[in-house]
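Reader: I would like to go through some of the labels used for this model and hear what stands behind each one. Could you take me through them?

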Amino acid sequence: MREYLTFYIGGRWVDPASTQTIEVTNPATEQVCGRVAAGSAEDVDRAVAAARTAFGTWPATTVADRLAVLQAVADEYQRRRDDLAAALTEEMGAPAALAGGFQVDLGAGHLDTAIAALAGYRFEQRQGASLVVKEPIGVCGLITPWNWPLNQIAVKVFPALATGCTVILKPSEQSPFTGQIFTEILDAAGVPAGVFNLVQGDGPGVGVPLSGHPDIDMISFTGSTRAGIDIARNAAPTVKRVTQELGGKSPNIVLDDADFAANVAKGVVTMMTNSGQTCSAGSRMLVPAARMDEAKDAARAAAGTVTVGDPTGEVAMGPVVSGAQFDKIQALIRKGIDEGATLVTGGTGRPDGLDVGFYVKPTVFADVGNDMTIAREEIFGPVLTILGYDSLDHAIEIANDTDYGLAGFVAGADLEQARAVARRIRAGSVAINDGFDFACPFGGYRKSGNGREWGAYGFEEYLETKAILGYAPEEGA
């Protein structure tokens with residue numbers, strides 16, 4: 001049983017303002033596996049005060065100073081990899097191979113990318129007689145989700161620290177263990193007091209006072225579109241900057257070529273990664289209508305290879321994060337059946353032999369219309385919908401007919417055709433044949449949010465731009 005009952009404020013582990021706690025449930029066993037302290041507005045006030053004090057000195061440090069701190073964090077992060085992986089499996093059900101692999105690797109990759117970006121970043125640039133300066137925005141409140149905890153913490157904390165900001169982190173109360181260990185890593189690495197602060201808690205207790213706090217200059221949030229709207233409203237009276245990475249219903253356009261069946265199968269397996277709990281997942285697969293039956297066969301076979309079970313073992317898919325998430329996914333699967341989509345494989349209920357734990361069957365629907373609920377709403381579970389298209393123009397029309405715009409995918413052997421299709425998808429990032437790049441921007445159009453994370457592009461969100469006019473009048477003349 002893990003118990004994390006203190007917060008990290010001003011470089012010290014301190015007692016919270018109240019004795020209230022939040023229980024954390026292991027989704028594989030449905031048993032309580034730990035408790036964390038439940039923060040309040042008073043705790044937020046203390047953390048903001050510490051971050052504000054630290055902002056008096058941290059921005060004045062040199063790039064070399066900040067690089068040294070980040071490198072120390074990188075060294076300590078590697079030392080704690082196994083601890084982070086174990087926490088991920090326990091708190092949100094990530095299979096051991098995924099937790100100790102890609103989940104932990106994402107945090108390390110973003111840290112290495114931030115170090116490389118900082119080493120070459122230009123904070124000042126001459127423009128004629130003027131000087132354009134990029135300065136840290138100030139104290140930042142960072143609110144992160146439970147599904148890829150280290151990824152989402154890393155893409156916020158490391159750019160903020162690299163650019164000279166100070167931060168208060170509120171991890172999800174459903175995956176708080178990794179946030180606590182992450183904080184231990186920064187403490188051991190010697191991050192100066194007050195530069196990084198941790199307050200655990202839920203949305204009403206910590207998220208609301210954080211987003212509305214008059215002495216916070218920026219809020220960065222990743223989570224649902226519904227919660228993002230609430231945060232933006234709460235932040236509006238203080239006119240602080242708000243950046244958001246929200247929901248998605250991303251299209252995966254499979255081109256009509258010799259690699260068709262293999263690309264369908266790959267799309268199915270990728271969709272089931274992390275139990276489908278990925279905001280950018282290609283949850284709407286678009287295939288040529290004339291090859292729908294072939295797509296069904298390939299999808300059914302691929303889904304059959306996805307092993308489900310105890311995440312501490314050698315399985316591809318563990319449980320979803322909570323009972324509430326399980327119930328939501330079950331209701332949407334039932335909705336797909338009721339609305340007339342073809343259930344290719346999976347369906348309601350737990351997989352055979354799994355009577356305890358929030359396990360969902362890898363589920364594929366075909367013959368889906370883009371007006372169906374399962375094609376419009378973010379399911380956030382291992383549920384793939386397959387839609388047919390008559391032409392590439394039709395495919396792009398369907399792909400862009402969504403409230404979201406976080407990501408898109410194109411799979412096909414003809415690279416020139418794939419490039420042309422990718423350019424027409426209205427989304428913040430489009431991957432051709434599984435392309436991946438830590439240094440490229442990530443973020444959404446429309447209801448998928450605003451702002452960009454990853455690499456040097458993520459730095460921009462934490463910087464203000466100042467023009468100093470007449471800086472060098474003689475040279476300008």
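Author: Gladly! The expected span of a helix is 1.5 Å times one less than its number of residues, and helices are DSSP runs of H or I with at least four residues, strands being E runs of at least two, numbered from the N terminus. This is a predicted model, where local features need pLDDT of at least 70, side-chain atom pairs count only at pLDDT 80 or more, and totals for chains, interfaces and linings use all residues. Residues are numbered from 1 along each chain as its sequence is written, and side-chain values use heavy atoms, without hydrogens and water.

Reader: How do you know that the length of helix α3 agrees with its number of residues?

Author: Helix α3 (residues 81-92) has 12 residues and should therefore span 16 Å; its end C-alpha atoms are 16 Å apart, so the two agree.

Reader: Which residues of α3 are called buried?

Author: Buried means under 20% relative accessible area, exposed over 50%, and partly exposed in between (1.4 Å probe, protein chains only). Among the α3 residues that are buried are Leu84, Leu88 and Met92. The buried residues of α3 pack against several elements, including β4 (21-26) and α4 (96-120), where contact means heavy atoms within 4.5 Å.

Reader: What makes β6 (124-127) and β21 (463-468) edge strands?

Author: Two strands pair if DSSP finds at least two bridges between them. The open sheet has the order β6-β7-β21, with antiparallel pairing, and β6 and β21 each pair on one side only. Strand β7 (residues 130-136) is joined to β21 by six bridges, and Val132 has Ala467 as its bridge partner in β21.
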